[in-house]
Amino acid sequence: MYAIVEIAGLQYKVEQDQFVYVNRLDAQEGDKITLDRVLLIDNNGTVTIGAPAIDGKTIQAQVVKHLKGEKVIVFKKKRRKGYQKKNGHRQSLTQLLIESIAGVAGTGKKPAAKAAPAKAEKTSEAKASKAASKDESEKAAPAKKSASKTAGDDLTKIEGIGPKVKELFNESGIVTFSDLAAKSSDELKAILEPKGGRYAAMDPSTWPKQAEMAADGNWDELKKWQDELNAGV
């Protein structure tokens, strides 16, 4: 189940338990917010479209934290005028956790199967018990893997790493400062280059050293060094 919701004038496709990065919102970290501009809901193939929004449908979300996006370099130059100017910009963002769609938690779950006829009650109970045990064992491993994957350090504290790059590294098993410090710049570029565009142009040469300092808790020294860096270089 997913929905299309409008947040601060922009449209996002969201699902339950998903993290979404939006432009900075006027809310405190940990606040619960209600998104009432729901434009579309797809509930297991049943699509509801608003005109433009769907009446009575809302999305409940929690403000996880406020952060800044990747640094963007803006360079201006006028030929034969002796004028050139270089500026950096990092967009202010808010990370949201989508808790429920249409105001009901767990709406994406399928309804329970109907009870079997009394004549085959014992056989049905045995099959149901066996199936439930299998489902629990199959769900336990992904849940454990997901928990270990999401737990970790905030890699965006490394100068030059934004939310998108953090997601790419998390998908490659780099979730802590120690994981990042153990990688070489060539290994990091091997993760970024296949994505093309600005990712392929990034220079991660200082990221392992920054991560090592962060893992050791040398934040003052790291902050002083980061002030001298330009997009992590």
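**Strands, sheets and cores**

Q: What relative accessible area does N44 have?
A: N44 counts as partly exposed, a class lying between buried (under 20% relative accessible area) and exposed (over 50%), computed with a 1.4 Å probe on protein chains only. This is a predicted model, in which residues are numbered from 1 along each chain as its sequence is written, and side-chain values use heavy atoms, with hydrogens and water left out. Local features need pLDDT of at least 70, and side-chain atom pairs count only at pLDDT 80 or more, while totals for chains, interfaces and linings use all residues. For N44 the relative accessible area is 49%.

Q: Where is N44 found?
A: N44 is not a glycine, although its phi is positive at about 55°. With helices (H or I, at least four residues) and strands (E, at least two) taken as DSSP runs numbered from the N terminus, N44 is found in the loop between strand 5 and strand 6.

Q: What phi does D17 have?
A: D17 is found in the loop between strand 2 and strand 3, and at a relative accessible area of 56% it is exposed. Its phi is positive although D17 is not a glycine, with a value of about 65°.

Q: Which residue stands opposite Y2 in strand 5?
A: Another open sheet of four strands has the order 2-1-5-6, with antiparallel pairing, and its edge strands are strand 2 and strand 6. Strand 1 and strand 5 pair in the antiparallel sense over four bridges. The residue of strand 5 that stands opposite Y2 is D42.

Q: Which residues of the largest nonpolar core touch the most other members?
A: A nonpolar core is a set of buried Ala, Val, Leu, Ile, Met, Phe, Trp, Tyr and Cys residues joined through side-chain atoms within 4.5 Å, and the largest here has 20 residues. Among the strands that each supply at least two residues of this core are strand 1 (2–7), strand 2 (10–15) and strand 8 (83–101). The members that touch the most others are I7, V14, I33 and I59.

Q: What is the relative accessibility of T156?
A: T156 is found in the loop between helix 1 (121–150) and helix 2 (163–171), and a polar contact of 2.4 Å joins its side chain to that of D154. A polar contact is a pair of N or O atoms within 3.5 Å; within protein, one must be able to donate a hydrogen and the other to accept it, and residues adjacent in sequence count only if both atoms are side-chain atoms. Leaving aside residues up to four places away in sequence, T156 touches R90, I161, G162, P163 and K166. T156 counts as buried, since its relative accessibility is 11%.

Methods: Contact = heavy atoms within 4.5 Å. Pairing = 2+ DSSP bridges.
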